[in-house]
Amino acid sequence: MSAAIEAIRSRRVVAILRRVADPLRVVEALREGGIAVVEITLDSPEALGTIERLRRHPEVVVLAGTVRTADEARAAIGAGAQACVGPALVPEVVQTCAEL
(Lines give C-alpha, C1' and ligand atoms only; values in the text may rest on other atoms or scores of the structure.)
Protein backbone atom coordinates (compact mmCIF):
# COMPACT_ATOMS: atom_id res chain seq x y z
CA MET A 1 0.00 0.00 0.00
CA SER A 2 1.29 3.49 -0.79
CA ALA A 3 2.57 5.85 1.88
CA ALA A 4 -0.12 8.35 0.88
CA ILE A 5 -2.92 5.84 1.49
CA GLU A 6 -1.37 4.85 4.82
CA ALA A 7 -1.16 8.52 5.84
CA ILE A 8 -4.81 9.11 4.94
CA ARG A 9 -5.89 6.02 6.87
CA SER A 10 -3.86 6.82 9.96
CA ARG A 11 -4.42 10.60 10.11
CA ARG A 12 -8.01 10.49 8.81
CA VAL A 13 -7.98 14.15 7.70
CA VAL A 14 -7.11 15.59 4.30
CA ALA A 15 -7.07 19.36 3.88
CA ILE A 16 -8.21 20.29 0.37
CA LEU A 17 -6.76 23.53 -0.91
CA ARG A 18 -8.61 24.88 -3.93
CA ARG A 19 -7.53 28.27 -5.29
CA VAL A 20 -6.02 29.35 -1.97
CA ALA A 21 -4.16 32.68 -2.16
CA ASP A 22 -1.06 31.58 -0.21
CA PRO A 23 -1.05 27.78 -0.08
CA LEU A 24 2.44 27.48 1.43
CA ARG A 25 1.46 29.60 4.42
CA VAL A 26 -1.83 27.74 4.80
CA VAL A 27 -0.04 24.38 4.77
CA GLU A 28 2.40 25.63 7.40
CA ALA A 29 -0.53 26.60 9.63
CA LEU A 30 -2.19 23.24 9.01
CA ARG A 31 1.03 21.44 9.93
CA GLU A 32 1.28 23.42 13.14
CA GLY A 33 -2.29 22.32 13.89
CA GLY A 34 -1.44 18.67 13.30
CA ILE A 35 -2.78 18.25 9.75
CA ALA A 36 -0.11 16.96 7.40
CA VAL A 37 -2.03 15.48 4.47
CA VAL A 38 -2.97 18.11 1.89
CA GLU A 39 -4.56 18.03 -1.53
CA ILE A 40 -3.67 20.79 -3.98
CA THR A 41 -6.31 20.96 -6.69
CA LEU A 42 -4.98 21.31 -10.21
CA ASP A 43 -7.45 24.10 -10.94
CA SER A 44 -5.49 26.27 -8.50
CA PRO A 45 -3.01 28.84 -9.81
CA GLU A 46 0.53 27.43 -9.91
CA ALA A 47 -0.73 24.06 -8.62
CA LEU A 48 2.18 22.02 -9.98
CA GLY A 49 4.75 24.46 -8.59
CA THR A 50 3.01 24.39 -5.22
CA ILE A 51 3.08 20.59 -5.18
CA GLU A 52 6.76 20.65 -6.05
CA ARG A 53 7.58 23.13 -3.27
CA LEU A 54 5.54 21.25 -0.67
CA ARG A 55 7.35 18.01 -1.44
CA ARG A 56 10.50 19.58 -0.01
CA HIS A 57 8.85 19.07 3.39
CA PRO A 58 8.94 15.31 4.03
CA GLU A 59 6.49 15.56 6.93
CA VAL A 60 3.72 16.69 4.54
CA VAL A 61 1.90 14.18 2.32
CA VAL A 62 0.93 15.96 -0.89
CA LEU A 63 -1.94 14.84 -3.11
CA ALA A 64 -3.01 16.32 -6.44
CA GLY A 65 -6.74 16.95 -6.75
CA THR A 66 -9.13 17.58 -9.63
CA VAL A 67 -7.06 15.26 -11.82
CA ARG A 68 -9.20 14.62 -14.88
CA THR A 69 -6.83 13.36 -17.58
CA ALA A 70 -3.84 11.07 -17.93
CA ASP A 71 -1.72 14.07 -18.93
CA GLU A 72 -2.70 15.87 -15.72
CA ALA A 73 -1.84 12.76 -13.72
CA ARG A 74 1.59 12.57 -15.35
CA ALA A 75 2.22 16.26 -14.69
CA ALA A 76 1.10 15.99 -11.05
CA ILE A 77 3.23 12.93 -10.40
CA GLY A 78 6.13 14.60 -12.17
CA ALA A 79 5.75 17.54 -9.78
CA GLY A 80 5.91 15.14 -6.85
CA ALA A 81 2.30 14.36 -5.98
CA GLN A 82 2.16 11.21 -3.90
CA ALA A 83 -1.34 10.34 -5.09
CA CYS A 84 -4.01 11.74 -7.40
CA VAL A 85 -7.67 12.43 -6.66
CA GLY A 86 -10.25 13.01 -9.36
CA PRO A 87 -13.84 14.19 -9.51
CA ALA A 88 -14.78 11.04 -11.45
CA LEU A 89 -13.41 7.60 -12.15
CA VAL A 90 -11.46 7.91 -15.40
CA PRO A 91 -9.84 4.60 -16.38
CA GLU A 92 -6.96 6.30 -18.21
CA VAL A 93 -6.08 8.31 -15.08
CA VAL A 94 -6.16 5.20 -12.91
CA GLN A 95 -3.99 3.29 -15.38
CA THR A 96 -1.47 6.16 -15.63
CA CYS A 97 -1.19 6.46 -11.86
CA ALA A 98 -0.74 2.70 -11.49
CA GLU A 99 2.03 2.69 -14.10
CA LEU A 100 3.91 5.62 -12.57
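I looked up Cys84 and found it partly exposed, at 22% relative accessibility (buried is under 20% relative accessible area, exposed over 50%, partly exposed in between, with a 1.4 Å probe and protein chains only). Before going on, I noted that this is a predicted model, where local features need pLDDT of at least 70, side-chain atom pairs count only at pLDDT 80 or more, and totals for chains, interfaces and linings use all residues. I also noted that residues are numbered from 1 along each chain as its sequence is written, and that side-chain values use heavy atoms, with hydrogens and water left out.

**The cysteines.** Which cysteine sulfur is closest to that of Cys84? I found it in Cys97, at 3.8 Å, which is too far for a bond (a disulfide is a pair of cysteine sulfur atoms within 2.5 Å). Cys97 is thus in no disulfide, and my count by this rule is zero disulfides. Cys97 is partly exposed, at 25% relative accessibility.

**The sheet.** Next I traced an open sheet of four strands, in the order β1-β2-β3-β4, with parallel pairing. Here strands (E, at least two residues) and helices (H or I, at least four) are DSSP runs, numbered from the N terminus, and two strands pair if DSSP finds at least two bridges between them. β1 (15–17) and β4 (83–84) stand at the edges with a single partner strand each, so one side of each has no neighbour in the sheet. I then saw that β2 and β3 (residues 61–65) run parallel and are joined by five bridges. Val38 has Val62 in β3 as its bridge partner. Helix α1 (residues 3–11) lies across β2, β3 and β4, at about 105° to β3 (axes are lines fitted to C-alpha atoms, for helices over the stretch in contact, and angles run from 0 to 180 degrees between N-to-C directions).

**Leu54.** I found this residue in helix α3. Is Leu54 buried or exposed? Leu54 is buried, with a relative accessible area of 2%. Not counting residues up to four places away in sequence, Leu54 touches Leu24, Val27, Val38, Ile40 and Val62 (contact means heavy atoms within 4.5 Å).

**Ser44.** My last stop was the loop between β2 (37–41) and α3 (47–54), where Ser44 is found. Ser44 counts as buried, at 11% relative accessibility. Leaving aside neighbours within four places in sequence, Ser44 is in contact with Leu17, Arg18 and Arg19.
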